[in-house]
Amino acid sequence: MRPSRPWAERASRARARLRAALADDAGSASLEFLTVGVLLLVPLVYLVIALGQIQLAVLGVEGASRHAARVVAAADSHEAGLAAADRAIRVALADAGVDADAAAVAIECAPSPDACTTPRGTVTVRIEAAATLPLAPPVLGLDTGLAVPVEAQALQPVSAFGTLP
């Protein structure tokens, strides 16, 4: 007859209980749902916020170019029109959260490039800027590398009667 070893029997019973506990999946569905839900929800929320930020920048740049072209075309003089366009661009871009100093602005006048108020002429304003993504840290220049370029162009005809009432 073989002598009994109580520690071996206890160890085998503990292993059997552990196997049974690991094989039982009761209550793990809620944990799996929360884990998968968080893993899918966080990127989805970030995507919605990032798209909203990009759309805001697009609308700001488009509005800035449109308003700048209008004020140049309606100005009394070329210099007054350019000054008014600068103010309109800065206000519109600030409202959209875009850095006006980092935006590239090009104002072209036809038929005479140095006289934007020529009757029956056209004023074209082109603005290029960058929409920064949310939560991008400014450390090591990561906020500039994670930016989406946006641009807009507006064309405004100058009245044939100039600024006459």
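**View 1. The disulfide between cysteine 109 and cysteine 116.** The structure holds one disulfide. A disulfide is a covalent bond between the sulfur atoms of two cysteines. Here the partners are cysteine 109 and cysteine 116, with an S to S distance of 1.6 Å in the model. The link is right-handed, with 55° about the S-S bond.

**View 2. Alanine 110 and the cis peptide bond to proline 111.** Alanine 110 is placed in strand β1, whereas proline 111 is found in the loop between β1 and β2 (122-132). The peptide bond from alanine 110 to proline 111 is cis, with omega near 5°. Most peptide bonds are trans. Alanine 110 counts as partly exposed, at 35% relative accessibility. When residues up to four places away in sequence are not counted, alanine 110 touches Gly121 and Thr122. Alanine 110 and glycine 121 are eleven residues apart in sequence, yet their C-alpha atoms are 5.4 Å apart in space.

**View 3. Arginine 120 in the loop between β1 and β2.** The loop that contains proline 111 also contains arginine 120. Which value does phi of arginine 120 take? Phi of arginine 120 is near 65°, a positive value in a residue other than glycine. Most residues other than glycine have a negative phi. Arginine 120 has a relative accessibility of 71% and therefore counts as exposed.

**View 4. The salt bridge of arginine 66 and glutamate 62 in helix α2.** The structure holds five salt bridges. One of them brings together the side chains of arginine 66 and glutamate 62, at 3.0 Å from N to O. Because arginine 66 and glutamate 62 are four residues apart in helix α2, about one helical turn separates them. Arginine 66 is partly exposed at 30% relative accessibility, and glutamate 62 is also partly exposed, with a relative accessible area of 33%.

**View 5. The salt-bridge network of Asp86, Arg90 and Asp101.** Aspartate 86 forms a salt bridge with arginine 90, and the closest N and O atoms are 3.5 Å apart. Both residues lie in helix α3 (residues 78-96), where aspartate 86 and arginine 90 are four residues apart, about one turn of the helix. At 38% relative accessibility, aspartate 86 counts as partly exposed; arginine 90 is likewise partly exposed, with a relative accessible area of 39%. The side chain of arginine 90 also meets that of aspartate 101 in a salt bridge, at 3.0 Å from N to O. The pair of arginine 90 and aspartate 101 links distant parts of the chain, eleven residues apart: arginine 90 belongs to helix α3, and aspartate 101 to the loop between α3 and β1. Aspartate 101 is exposed, with a relative accessible area of 60%. Through shared partners, the salt bridges join Asp86, Arg90 and Asp101 into one network.

**View 6. A nonpolar surface patch including leucine 51.** Which residues form the nonpolar patch on the surface? The patch is formed by Leu41, Leu44, Val45, Leu47, Val48, Ile49 and Leu51. Together these residues have about 650 Å² of accessible area. Leucine 51 is found in helix α2 (residues 28-73).

**View 7. Confidence along the predicted protein chain.** The mean pLDDT of the protein chain is 86, and 88% of the residues reach 70 or more. Among the elements of the chain, strand β1 (residues 104-110) has the highest mean pLDDT, 95. Helix α4 (residues 142-145) has the lowest, with a mean of 63.

Conventions. Residues numbered from 1 in each chain as written. Predicted model: local features only at pLDDT ≥ 70, side-chain atom pairs only at ≥ 80, totals over all residues. Heavy atoms only, no water. Disulfide = S-S within 2.5 Å. pLDDT = per-residue confidence, 0-100. Helix = DSSP H or I, 4+ residues; strand = E, 2+ residues; numbered from the N terminus. Patch = residues over 30% accessible without salt bridge, like charges linked within 9 Å, V, L, I, M, F, W, Y side chains within 5 Å. Areas by Shrake-Rupley, 256 points an atom, 1.4 Å probe, with all protein chains shown as cover. Salt bridge = Lys/Arg side-chain N within 4 Å of Asp/Glu carboxyl O. Buried < 20%, exposed > 50% of the residue type's maximum accessible area, 1.4 Å probe, protein only. Contact = heavy atoms within 4.5 Å.
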